[in-house]
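User: I am new to this structure and would like to go through it step by step. Please start with whatever term is needed first.

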Amino acid sequence: MKKPTIVAIDDEIDFIDMLENYFKLRGYKIDIASSATQGLELINNKKPDIVILDLKMPGINGEELLGLLKSKRPKTKVIFVSAFDDAGKTKIRLLNAGAYAYLDKPLSSLRELKKVIDKACKKR
Ligand SMILES: [Mg+2]
């Protein structure tokens with residue numbers, strides 16, 4: 001299996017730094033951005049298979065970005081990782097809007113996220 005290309009967007013810098021280290025060590029191509037605007041630019045340049053996305057960010061939020069992505073690059077799989085919790089309402093809305101998965105932050109392990117990514121790419 002060809003390793004997927006990833007763009008990770010989150011305003012929590014420590015988190016995307018950690019993702020970058022983890023996935024680079026394992027041979028994935030990953031680029032990170034701390035805002036949706038920066039992330040969109042990366043997405044246009046890198047054409048990633050996977051976008052790891054935060055929900056709550058200043059400026060354009062994750063839900064708005066999902067909408068943009070689904071119209072521009074419908075094959076890109078969007079995986080939300082967010083601490084936001086409203087009894088699952090937002091999660092269901094995002095999945096209905098085309099998100100591939102929604103994981104709760106903090107993640108129990110990065111391996112959990114890796115598994116979701118590998119599964120998403122098998123189905124291509
Ligand atoms: Mg955030």
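Analyst: A residue counts as buried when its relative accessible area is under 20%, and as exposed when that area is over 50%. The model discussed here is predicted.

User: Is Tyr22 buried or exposed?

Analyst: The cut-off for a buried residue is under 20% relative accessible area. Tyr22 has a relative accessible area of 14%, so Tyr22 is buried.

User: What kind of aromatic pair do Tyr22 and Phe23 make?

Analyst: The ring centres of Tyr22 and Phe23 are 5.0 Å apart, and their planes stand at 80 degrees. Planes over 60 degrees apart count as edge-to-face. The pair of Tyr22 and Phe23 is therefore edge-to-face.

User: Which residues do ring pairs link into a cluster?

Analyst: Three aromatic pairs are found in the whole structure. One of them joins Tyr22 to Phe23. Phe23 also pairs with Tyr28, with 5.2 Å between centres and 80 degrees between planes. The cluster linked by ring pairs is thus made of Tyr22, Phe23 and Tyr28.

User: Which element gives the most residues to the largest nonpolar core?

Analyst: This core has 22 residues, and Leu19, Phe23, Ile52, Leu113 and Ile117 touch the most other members. Elements giving two or more residues include strand 1 (5–9), helix 1 (13–25) and helix 5 (110–122). With six residues, the element that gives the most is helix 5.

User: Beyond its neighbours within four places in sequence, which residues is Leu19 in contact with?

Analyst: Leu19 is among the residues that touch the most other members of the largest nonpolar core. With neighbours within four places in sequence left aside, its contacts are Ala8, Ile30, Ile52, Leu110 and Leu113.

User: How does Asp11 count at 36% relative accessibility?

Analyst: A buried residue would need a value under 20%, and an exposed one a value over 50%. Because its value is 36%, Asp11 counts as partly exposed.

Methods
Residues are numbered from 1 along each chain as its sequence is written. This is a predicted model: local features need pLDDT of at least 70, side-chain atom pairs count only at pLDDT 80 or more; totals for chains, interfaces and linings use all residues. Side-chain values use heavy atoms; hydrogens and water are left out. A nonpolar core is a set of buried Ala, Val, Leu, Ile, Met, Phe, Trp, Tyr and Cys residues joined through side-chain atoms within 4.5 Å. Buried means under 20% relative accessible area, exposed over 50%, partly exposed in between (1.4 Å probe, protein chains only). Helices (H or I, at least four residues) and strands (E, at least two) are DSSP runs, numbered from the N terminus. Contact means heavy atoms within 4.5 Å. Rings of Phe, Tyr and Trp (its six-membered ring) pair if their centres lie within 6.5 Å; planes under 30 degrees apart count as stacked, over 60 as edge-to-face and the rest as tilted.
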